[in-house]
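Subject: Structure handover

Hello,

Here is the structure for your files. My notes on it follow below.

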Amino acid sequence: MGKLTWSLAIASSAVLIGSFSHAHDLGVIGPSYAILERDLLDVIHERLAQHMHSGLLDEHRRQLAERSRRYLARPAGVRLPRTQTSRTRTVSLEFVTTEAITDGGGTILYPVGTRVNPLVFQPLTKTLCFADGDDPDQVAWLQDSCRDPGTHTRILVRGDYPAIAAQLGGRLYFDQRGYLVHRFDIQAVPAIVRQKEESLYVEELPLR
């Protein structure tokens, strides 16, 4: 570093030190206050204690249990019209991969753009029976026409699930929010779905 540079550095330091030595007390700009905000956890514990003492917490638990009980009794289903005329149609489950499908070792089984039909690898071995649990005639149809658990799977699209399960006995499923109904394009019930070759065959059946 040259002499000129050293001189400038020393002069700058002197000015900076001098500015600190001539600092003035500006006084109090405004009133100051202590921070009085309470700890959030303390507030939460206090509110919980108040609710327990007043019974609000127990009432909230009771309401939650009641809502859960009602949902289990009547899950979210779909309302479909009762079948008036016999209709049949074919539904394909085939899809085109949007990303590569690999096995556990990373080997590509199906590259992007491959057409895959799940029924080729996992056939539908039982007939699916769909019915409205709020229609006694359809419940009777489930009991009479889909009684064999080895060849039929009984599915409600709505209704009081525990009551109907107790009435029918055996295994009973519920199509929550109509996922299967929409996937199989079921427009009326009762209906059955079974595999025909490499597609699904949907048949809506009027009751006699």
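Which residue forms a salt bridge with Asp 132? The partner is Arg 158, with the closest N and O atoms 2.8 Å apart. A salt bridge here is a side-chain nitrogen of Lys or Arg within 4 Å of a carboxyl oxygen of Asp or Glu.

Before the rest, the conventions. This is a predicted model, in which local features need pLDDT of at least 70 and side-chain atom pairs count only at pLDDT 80 or more, while totals for chains, interfaces and linings use all residues. Residues are numbered from 1 along each chain as its sequence is written, and side-chain values use heavy atoms, with hydrogens and water left out.

Salt bridges

The count comes to 11 salt bridges. Asp 132 sits in strand β6 and Arg 158 in strand β7, 26 residues apart; helices (H or I, at least four residues) and strands (E, at least two) are DSSP runs, numbered from the N terminus. Both Asp 132 and Arg 158 are buried, where buried means under 20% relative accessible area, exposed over 50%, and partly exposed in between (1.4 Å probe, protein chains only). Salt bridges with shared partners join Arg 74, Asp 132, Asp 134 and Arg 158 into one network.

Asp 134 is partly exposed at 34% relative accessible area, and Arg 74 is partly exposed at 40%.

Glu 204 and Arg 89 form another salt bridge, at 2.4 Å, N to O. Glu 204 belongs to strand β10 (residues 199–204) and Arg 89 to strand β1, so the pair ties together parts that are 115 residues apart in sequence. Glu 204 is buried at 0% relative accessibility, and Arg 89 is buried at 19%.

Disulfide

There is one disulfide, defined as a pair of cysteine sulfur atoms within 2.5 Å. Cys 129 and Cys 146 form this disulfide, with their sulfur atoms 2.2 Å apart. Cys 129 is in strand β6 (residues 127–132) and Cys 146 in the loop between α5 (136–145) and β7 (152–158), 17 residues apart. The torsion about the S-S bond is about -95°, so the disulfide is left-handed. Both Cys 129 and Cys 146 are buried.

Regards
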